[in-house]
Amino acid sequence: MLLRIGRPSLRICGINSAIPFLFIVTILVLFFIMHGATTLDPEATASSSHFKYTTVKGYFLQSEDNTDSSKFDFKKQNFGLIEREYEDHHGQRHEGISQWQRFESYVRHLNEKSEDGVRFKVLLLGRHGQGWHNVAETKYGTEAWDCYWSMLDGADGITWSDANLTGIGKGQAQDVNDLWKALLPKGIPAPETYYVSPLTRTIETADVTFKGLRLPDHKPYKPIIKELLREAIGVHTCDRRSTATYIRESFPHVELEENFSEEDRLWSADYREPSSARKYRLSKLLDDVFAHDNGAFLSLTSHSGAIASVLEAVGHRSFDLETGGVIPAFVKAERVHGERERPPHEPSEGPPACKLNPAGLPD
Ligand SMILES: *[C@@H]1O[C@H](CO)[C@@H](O)[C@H](O)[C@H]1NC(C)=O
Ligand SMILES: *[C@@H]1O[C@H](CO)[C@@H](O)[C@H](O)[C@H]1NC(C)=O
């Protein structure tokens, strides 16, 4: 900024004014150091900017408009990576290098040559495997679940508050573990960071998915719990998290992010986060990750609603995920000055009133 102010005056006044010019620059610098200390503070800079996100299309089948999400199986399609040519930026032929290695080198090249404030990341978004709340919703029906059962901690021998995975759910995560086992030798880049929602079902899913893999020594599986990566907040007890102490004791290998509170301060029994607020929350999570994580391949283990919000926030088409499903999103982020705009406060998105005697309600 100082240089941009300085250059024209040098050109106008000629070389003789270089000394007064340097004097003025010195005064200006001193002024900024004394009065504007906060503008030099990286934390302050980070909080007064955010990112604009776009999805880079043409690399994963899931981002293409003609892919049918109801029939798509990422496990049979190499996570969706499209077989394609890559620009040969080093003037070399990539013989014997796999699609994943070419893609990784392309993403790293994009980050090296991109201008300041622009970065590219591949977000591997995983939905948890089947939990007991999913079983209960199927058992009672979505209507009765939303208007009644979801507000209890459990019933009929099933507990669904901060639900555990079922056996089927663990099997779904194991299938993804098998996929990683098959693809790591084929050059798929291991995630550089593992972000996980604080709910039990996502921590269990990440553990089954990534434990026991032959990961590179410098990229071990070390999950980091992120409060903002959780599912839609409020009303449903399955989306109320356990205490920090419970999480630490049940999963001693996880790291809780800085300032992770002991109690769940976000959940309330009578207000369910509307989708506008959820999209804002997940956008804030992405702003945090894109500002502080230098990795290009990141794993995020989360939930259907939260992942739908991430996809919306990065301009990706909507894509329904089964429990245990994974979708990679190739994202470009450009730093924008100023705070992210907060959406207006909206009324609770539920619970709906129960209709008289709907099926699935107790007599
Ligand atoms: C959930 O799993 C944990 C750890 O395996 C176990 O201690 C707990 O009893 C389970 N909760 C329910 C309700 O089954
Ligand atoms: C944690 O909380 C402290 C005190 O409120 C604050 O100064 C700090 O910036 C917070 N750290 C993060 C990463 O939010």
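The exercises below work through the fold, helix packing, core and backbone geometry of one predicted model.

In this predicted model, local features need pLDDT of at least 70 and side-chain atom pairs count only at pLDDT 80 or more, while totals for chains, interfaces and linings use all residues. Residues are numbered from 1 along each chain as its sequence is written, and chains are lettered from A and ligands numbered from 1 in the order in which they are written.

**Exercise 1.** Describe the secondary structure and burial of the chain.

Solution. Helices (DSSP runs of H or I, at least four residues) and strands (E, at least two) are numbered from the N terminus, and the chain has eleven helices and nine strands. A residue is buried if 20 or more other C-beta atoms, placed from the backbone, lie within 10 Å of its own, exposed if 12 or fewer, and partly exposed in between; on this scale 31% of the 363 residues are buried.

**Exercise 2.** Determine how helix 7 and helix 8 are oriented to each other, and which residues meet.

Solution. The axes are lines fitted to C-alpha atoms over the stretch in contact, with angles from 0 to 180 degrees between N-to-C directions. For helix 7 (residues 167-183) and helix 8 (residues 200-210), the axes come within 7 Å and cross at roughly 40°. Helix 7 is therefore oblique to helix 8, given that angles under 35 degrees count as roughly parallel, over 145 as roughly antiparallel, 65 to 115 as roughly perpendicular and the rest as oblique. As to contacts (C-beta atoms, placed from the backbone, within 7 Å), Gly169, Lys170, Ala173, Gln174, Val176 and Asn177 of helix 7 meet Arg201, Thr205, Val208 and Thr209 of helix 8.

**Exercise 3.** Carry out the analysis for helix 10 and helix 11.

Solution. Helix 10 (residues 275-292) and helix 11 (residues 304-313) pack at an angle of about 70°, and their axes are 8 Å apart, which means that helix 10 is roughly perpendicular to helix 11. On the side of helix 10, the residues are Arg278, Lys279, Leu282, Ser283 and Leu286, and they meet Gly305, Ala306, Ser309, Val310, Glu312 and Ala313 in helix 11.

**Exercise 4.** Locate the residues with the most contacts to other members of the largest nonpolar core.

Solution. A nonpolar core is a set of buried Ala, Val, Leu, Ile, Met, Phe, Trp, Tyr and Cys residues joined through C-beta atoms within 7 Å. The largest such core has 46 residues, of which Leu125, Leu286, Val310 and Ala329 touch the most other members. Leaving aside neighbours within four places in sequence, Leu286 is in contact with Phe51, Tyr53, Val310 and Ala313.

Notes:
Contact = placed C-beta atoms within 7 Å.
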